[in-house]
Amino acid sequence: MSTEKDDRDRGDALVRIRDVHFSRGSRSILEGVDIDIPRGKVTTIMGPSGCGKTTLLKLIGGQLHPHSGTVLVDGEDVNAVDLDGLYRLRKRMGMLFQSGALFTHLSVFENVAFPLREHTELPESMIRTLVLMKLQAVGLRGARDLMPAELSGGMGRRVALARAIALDPMMIMYDEPFTGQDPITVGVIMQLIRMLNDSLGLTSIIVSHDVQEVCAISDQLYMISDGKVVEQGSPQQMRESESEWVRQFMHATPDGPVPFHYPAEQYSVDMFEAEN
Amino acid sequence: MLTWFQSLGRSGLSFFERLGRATIFLIEILAGLPSLFLHFRLLVKELYSVGVLSMAIIVISGLTVGMVLGLQMYNTLADFGTEESLGPVVALSLVRELGPVLTALLFAGRAGSALTAEIGLMKATDQLSGMEMMAVDPVKRVVLPRYIAGVISMPLLAALFSMVGILGSYFVGVGLLGVDDGAFWSQMQDKVDLTSDVLNGVVKSFVFGVVSAWIAVYEGYDAVPTTEGVSRATTRTVVHTAFAVLGLDFVLTALMFGDV
């Protein structure tokens, strides 16, 4: 039975993840994760590669189902709703994939127009206006006639971002938005994430391991390791964290709780055996 | 020996597991049929890329097969002094067997592999996931039009193959080897039955269309989303389609033309 405090908390958190367990085959990815994503804020989930960050986004989007635990998005249990309910919910979410996921056979304009054509009955003139507005927001109105193959990696992500905001969603999920980008593009994407979040009243969830970038634009950070949340707080709180694990991650030291060496037999034993 | 039996059992289980998943996938595709009316333009576009763009290879192959068939059959028939029967012999071979079977094999190489690669690459580059996250069902939007285009195209392409093949044998038989023009066509008209020959050939090519397009879209959708995974899936499409078409051809031939 929910208490008054729970209801109030639910009002503040757009996404509420409770005691989520998820595994692939025999490999456990998430082991009892609790995360609250507050409305209107930029929240980042950090952690090393393969720790289950992207899995978390897929759980929020209902593309994967947890083995136990709940994922509530705007008060609706993602795993309890039927397919129509899930699709209704997804129309209010935007997702920026690491690869951009642009449709390679469609132009930039048609990529951004795609969700509008699929989900609305708007006349062509209105679609044109909306698409150009979204492209203007990401600075690529002039690139509307280009094909995805003609875009640089950074431009592709900006077009994907324009497509993600086409239906004016309540939140956007960013999967590794800075990976493999040059410093100028990283700066542009950082600015866009913050600006779109504040000007459109969005809620943003970023999955990343680029410490400096996410600290500069995030309101709240979660750090995941070994399938669990090991620390959470503002960027300042994370920098001052006493946790050895967080310190190693935030300061990028090569050895610590995450060892430099992959588990192996003792060096001397290994070398000695090799000689025989 | 035990290991051999174990691996045989494992392969058998894996085959039936894949067949089961592919069947569920086919049901999912067919359940989306009503939505095709909303995306009719997509179907037309796919009919163009799957059907129209396959016409060149079908016409060229049909023509050469027909010409070779005309030449080979003429030599055999001439030994018995029945070279006027060239028309019906070639027509029956093409309409009953070679048209549907060779078209299906060519389809697997030209259009089936392209379908698998296209869908597999869309999966590998997150385009299908992206579509799902935009609340658009990729099975209805991407797979269904391609599958139906394959099913519709196959009988039409097989008919084209047979027609061009007959023309090829006509050029060789009548044009080069001197078979009587009137006998070629009138004997063909007399011996080839609309229902038992032509219609059965159409049924065969329709079944091949259903199966080969199913294999192509399933392999693409089920591909491991990596470069290697897509390349393996494309190879599997061609190999599995060849096995399925040749196996089914025997079964269908036995049912249609066998006296068993």
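How many residues does the contact take from chain A, and how many from chain B? This is a predicted model, and in it the contact takes 14 residues from chain A and ten residues from chain B.

On the chain A side, three elements each supply at least two residues: α3 (83-90), β6 (93-96) and α4 (108-119). The largest share comes from α4(A), with three residues. Sorted by class, the side of chain A that touches chain B has seven nonpolar, four polar and three charged residues.

Next, a helix pair within chain B. Packed helices are described by the angle between their axes and the distance between the axes. For helix α3 (residues 55-79) of chain B and helix α4 (residues 86-124) of chain B, the angle is about 145° and the axes are 10 Å apart. The crossing of α3(B) and α4(B) is right-handed. From α3(B), the residues involved include I57(B), V65(B), G66(B), L69(B), G70(B) and M73(B). Those they meet in α4(B) include V89(B), S93(B), L94(B), L98(B), L102(B) and R110(B). By class, the residues of this helix contact come to 14 nonpolar, five polar and one charged.

Last, the core. The largest nonpolar core has 125 residues, and the members that touch the most others are I60(A), L96(A), V112(A), A162(A), M173(A) and V217(B). The element that gives the most to this core is α4(B), with 17 residues.

Take A162(A) as one of those members. Leaving out residues up to four places away in sequence, A162(A) touches V112(A), K134(A), L135(A), A137(A), V138(A) and L140(A). V112(A), in that list, is also among the core members with the most contacts to other members.

Conventions:
Residues numbered from 1 in each chain as written. Chains lettered and ligands numbered in written order. Predicted model: local features only at pLDDT ≥ 70, side-chain atom pairs only at ≥ 80, totals over all residues. Contact = placed C-beta atoms within 7 Å. Helix = DSSP H or I, 4+ residues; strand = E, 2+ residues; numbered from the N terminus. Nonpolar A, V, L, I, M, F, W, Y, C, P; charged D, E, K, R; others polar. Axes fitted to C-alpha atoms, helices over the stretch in contact; angles between N-to-C directions. Left-handed = near helix turned anticlockwise from the far one by under 90°. Core = buried A, V, L, I, M, F, W, Y, C linked by C-beta atoms within 7 Å. Buried ≥ 20, exposed ≤ 12 C-beta atoms within 10 Å, placed from the backbone.
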